[in-house]
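Take a look at the sequence and the fold, then read on.

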Amino acid sequence: MLEQPTAAALVEAFANTVDVEEESDEIATPAGLAAWLHSRGLRDSRTAVPAATHASYLSLRAGIREQLGAHVGDTPNPDHLAAADQVLADHPVLVTSSGSLLATPDLPPDRRPLAQLAIAWNQLTTTGDASRLKRCAEHTCAWVFWDISKNRSRRWCSMKVCGNRNKSRAYAARVRGQEENDPAPN
Ligand SMILES: [Zn+2]
């Protein structure tokens, strides 16, 4: 049951195209996006996607990442959420008679993967699995991970690294606070 569904793996990979810690972004350029989509089997062509389409991918990713941050208690940026909602609204999916979701057939090929991402996101929110997908609460990391804990309580991608970073910073802040409260030496 805790095995990560394919929809979650896709959304996680998409959200992690940006690496905050390494300051890198695989899909920062239309050419980079084309390469990523091709590598995931989401698009046949390797030619760069049009700039406007590229912007839609970035908006969707930003909104999804904000939503995943909310799953660890961060306050999402409403502008990012609204922009992503717009992308989802612009890429409506069809429900077949068997109940499965399909991309609208008249979508241009460059935009079809957006519909696939929308479908994956839709599946996660419908099943409730979306709440297991989270953005690390350590903001210098902000890596998206799949929480396999029973009570869905994890806040950090890795307790060893990010969890401890967070704790030692909280400790340092407490020590600083105490020093500030100490009377200044004459
Ligand atoms: Zn982390």
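This is a predicted model: local features need pLDDT of at least 70, side-chain atom pairs count only at pLDDT 80 or more; totals for chains, interfaces and linings use all residues.

Two residues are in contact here if their C-beta atoms, placed from the backbone, lie within 7 Å. Residues are numbered from 1 along each chain as its sequence is written.

**The chain as a whole**

- The secondary structure comes to 6 helices and 6 strands; helices (H or I, at least four residues) and strands (E, at least two) are DSSP runs, numbered from the N terminus.
- Reading from the N terminus, the elements go α-β-β-α-α-α-β-β-α-β-β-α.
- Along the principal axes, the C-alpha atoms fill a box of roughly 75 × 35 × 25 Å.
- The chain has 186 residues, and 31% of them are buried. A residue is buried if 20 or more other C-beta atoms lie within 10 Å of its own, exposed if 12 or fewer, and partly exposed in between, with C-beta atoms placed from the backbone.
- Among contacts with a separation of 6 or more, 50% join residues 24 or more positions apart.

**The largest nonpolar core**

- Val11, Leu117 and Leu124 touch the most other members of the largest nonpolar core, which has 34 residues.
- Contributions of at least two residues each come from α1 (6–15), α2 (30–39), α3 (51–70), α4 (78–90), α5 and β6 (144–146).
- The largest share of this core comes from α5, with 7 residues.
- As for the term, a nonpolar core is a set of buried Ala, Val, Leu, Ile, Met, Phe, Trp, Tyr and Cys residues joined through C-beta atoms within 7 Å.

**How α5 packs against α3**

- Two packed helices are described by the angle between their axes and the distance between the axes.
- For α3 and α5, the angle is about 15° and the axes are 11 Å apart. Axes are lines fitted to C-alpha atoms, for helices over the stretch in contact, and angles run from 0 to 180 degrees between N-to-C directions.
- That angle makes α3 and α5 roughly parallel to each other. The cut-offs are under 35 degrees for roughly parallel, over 145 for roughly antiparallel, 65 to 115 for roughly perpendicular, and oblique for the rest.
- On the α3 side, Ser56, Tyr57, Leu60 and Ile64 meet Leu114, Leu117 and Trp121 in α5.
- The residues of this contact of α3 with α5 split into 6 nonpolar, 1 polar and no charged. Ala, Val, Leu, Ile, Met, Phe, Trp, Tyr, Cys and Pro count as nonpolar, Asp, Glu, Lys and Arg as charged, and the others, Gly among them, as polar.

**How α5 packs against α1**

- α1 and α5 meet at an angle of about 120°, with their axes 9 Å apart, so α1 and α5 are oblique to each other.
- Ala7, Ala8, Leu10, Val11 and Phe14 in α1 meet Leu117, Ala120, Trp121, Gln123 and Leu124 in α5.
- The residues of the contact of α1 with α5 come out as 9 nonpolar, 1 polar and no charged.

**Loops worth a look**

- Ala130 sits in the loop between α5 (112–127) and β5 (133–135), and counts as buried because 21 C-beta neighbours lie inside 10 Å.
- Val20 is in the loop between β1 and β2, and is partly exposed, with 17 other C-beta atoms within 10 Å.
- Neighbours within four places aside, Val20 is in contact with Thr140, Cys141 and Ala142.
- Val20 and Ala130 are 110 residues apart along the chain, and their C-alpha atoms are separated by 21 Å.

- Glu23 is not a glycine, yet has a positive phi of about 55°. You'll find Glu23 in the loop between β1 (18–19) and β2 (24–25).
- Ala142, in the loop between β5 and β6, also isn't a glycine and has a positive phi near 55°.
- Is each of these two sites buried or exposed? Glu23 is exposed, with 7 other C-beta atoms within 10 Å, whereas Ala142 is buried, with 21.
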